Amino acid sequence: MNARLLILPALLLLLPVLASAATFAEDTTIVLSDAPPDNTYLAGASVTVSAPLPADLAAAGGTVTTYSSIGGDVLIGAGTARIDQPVAGDVRIAAGQVIINAPVDGDVVAAGASIQVSAPARDVRLFGADVQATGGARGPVTIYGANVTISGDYEGDVEIIASDYFSVGPNTHINGTLRYNAPQQADIPASAVIDGGVVYTGSYAYVPT
């Protein structure tokens, strides 16, 4: 199948914002090495951003990777999405695999089969099968997943709903309350500090929304 046909559904999701696009590029392989002056919209089987962007980025593709800072918001629909440099705005991602290795000044909302967030953000909402949140957050955190692992520093409340397994890493610090639902109570290490206490609500079936 033509690679461009694979990204058509993702492009349709972006149509409401394309009308005001400053820069739009569509090809099988895109490597953006020169920064455009305004918002950027990219679509391809492989999309790589290696130039600092001053404003928003919207991208759809099989693989989308950012190796440079983003000055605005990020919207990605992809098979694999990877952010390796800081983002000044919010991040919204739907992908099979989500990897965020750089700090986000705004909120992070991500949905995918595998999610790894290893850098801090403001509010964090993650929905996936295997979720690892190790970067901490400045605001509230909500995670739905099958297997969920958290560690890092969290300034607000943390809510976890895990259908299979939930664990807390060593030296985790939560200033707020940890509320979680899982089949079994989590083994919280002695080095973890949870100022607002822990509330375990037991196990129940759920449908993420």
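User: Taking buried as under 20% relative accessible area, exposed as over 50% and partly exposed as in between (1.4 Å probe, protein chains only), is tyrosine 144 buried or exposed?

Analyst: Tyrosine 144 is buried, at a relative accessible area of 18%. This is a predicted model, where local features need pLDDT of at least 70 and side-chain atom pairs pLDDT 80 or more, while totals for chains, interfaces and linings use all residues. Residues are numbered from 1 along each chain as its sequence is written, and side-chain values use heavy atoms, without hydrogens or water.

User: Which residue forms an aromatic pair with tyrosine 144?

Analyst: Phenylalanine 127 does, and the pair is stacked, with 5.6 Å centre to centre and 15° between the planes. Rings of Phe, Tyr and Trp (its six-membered ring) pair with centres within 6.5 Å; planes under 30 degrees apart are stacked, over 60 edge-to-face, the rest tilted.

User: And where do phenylalanine 127 and tyrosine 144 lie?

Analyst: Phenylalanine 127 is in strand β8 (residues 124-133) and tyrosine 144 in strand β9 (residues 141-150), so the pair ties together parts 17 residues apart in sequence. Strands are DSSP runs of E, at least two residues, numbered from the N terminus. Phenylalanine 127 is partly exposed, at 22% relative accessibility.

User: How many aromatic pairs are there?

Analyst: The count is three. Phe166, Tyr180 and Tyr200 form one aromatic cluster.

User: New topic. What is the strand order in the open sheet of three strands?

Analyst: The order is β10-β12-β14, paired in parallel. At the edges are β10 (153-154) and β14 (193-194), each pairing on one side only. Pairing requires at least two DSSP bridges between two strands.

User: How many bridges join β12 and β14?

Analyst: Two bridges, in the parallel sense, with β12 covering residues 173-174. Isoleucine 174 stands opposite isoleucine 194 in β14.

User: Which residues line the largest cavity?

Analyst: Val117, Val124, Ala133, Thr134, Gly135, Gly136, Ala137, Val141 and Tyr154. By class, six are nonpolar, three polar and none charged; Gly counts as polar.

Conventions. Helices (H or I, at least four residues) and strands (E, at least two) are DSSP runs, numbered from the N terminus. On a 1 Å grid over the protein atoms alone, a cavity is a set of points where a 1.4 Å probe fits but cannot get out, and a pocket is an open set with protein on both sides within 12 Å along at least five of seven lines; lining residues have an atom within 4 Å of a point.
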